[in-house]
Amino acid sequence: MPDSSVEGIARSYIQAVGSHDMGAPGNLLGEDLVATFAGTTLDKAGWTSALKRLVPVLVGNEIREIFSAQDRACVVYDFITDTAAGAVRCIELLTINADKIREIELVLDRVAFAPVNEALNARGPSAQ
């Protein structure tokens, strides 16, 4: 039985992305999702597209810690890639209600993540 707790939903989302199961995040994300990263705000379709763009270089996600209180979860994980970046530490702040992720804020070191973008660009449109 799936864990419908705030922590369980957060864990399921990060693990699904890490295992390239793009159907699961789609089911966990609310239709009204607002996701922010580096000053950019995306809706569900935009966020899902951004995740799919990363799949070609993503080896997996290794969850380090999850903290939760009420409807919020903070997931600290390593975004493990096959690029020169290797593993990039990420933090996602999630707001969850009615068993759906409504808000995501992704925080990471953009300098450490730069080799990921460089690798995706070098691999060309088929990698995106």
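A: Strands (E, at least two residues) and helices (H or I, at least four) are DSSP runs numbered from the N terminus. This is a predicted model, where local features need pLDDT of at least 70 and side-chain atom pairs count only at pLDDT 80 or more, while totals for chains, interfaces and linings use all residues. Residues are numbered from 1 along each chain as its sequence is written, and side-chain values use heavy atoms, with hydrogens and water left out.

Q: OK, how many bridges join β4 to β5?

A: There are 9, and the two strands run antiparallel. Within that pair, Tyr77 sits opposite Cys90 of β5. The hairpin has 5 residues between the strands, and Gly86 there has a positive phi near 65 degrees.

Q: And what about β5 to β6?

A: Antiparallel, joined by 8 bridges. Glu92 has Leu106 in β6 as its bridge partner. That hairpin has 2 residues between its strands, with Ala98 at a positive phi near 55 degrees.

Q: Which residue stands opposite Tyr77 in β4?

A: Ile63 does. β3 and β4 are antiparallel and share 10 bridges.

Q: So what's the order of the whole sheet?

A: β2-β1-β6-β5-β4-β3, an open sheet of 6 strands with mixed pairing. β2 (40-42) and β3 are at the edges with a single partner strand each, so one side of each has no neighbour in the sheet. From one strand to the next, the twist averages 20 degrees.

Q: Where do the helices come in?

A: α1 packs on the sheet and touches β1, β3, β4, β5 and β6, its direction making about 170 degrees with that of β3. Contact here means heavy atoms within 4.5 Å; axes are lines fitted to C-alpha atoms, for helices over the stretch in contact, and angles run from 0 to 180 degrees between N-to-C directions. α3 lies across β1, β2, β3, β4, β5 and β6, at about 65 degrees to β1.

Q: How many residues has the largest nonpolar core?

A: 34, and Tyr13, Trp47, Leu94, Ile101 and Ile104 have the most contacts inside it. The largest share, 6 residues, comes from α1. A nonpolar core is a set of buried Ala, Val, Leu, Ile, Met, Phe, Trp, Tyr and Cys residues joined through side-chain atoms within 4.5 Å. Buried means under 20% relative accessible area, exposed over 50%, and partly exposed in between (1.4 Å probe, protein chains only).

Q: What does Trp47 touch?

A: Leaving out residues up to four places away in sequence, its contacts are Tyr13, Leu29, Leu33, Ala35, Phe37, Leu42, Glu92, Ile104 and Leu106.

Q: Switching topic: which loop holds Gln70?

A: The loop between β3 and β4. Gln70 has a positive phi near 50 degrees, though it isn't a glycine. Most residues other than glycine have a negative phi. With a relative accessible area of 74%, Gln70 is exposed.

Q: And Ala38, where is that one?

A: In the loop between β1 and β2.

Technical notes:
Two strands pair if DSSP finds at least two bridges between them.
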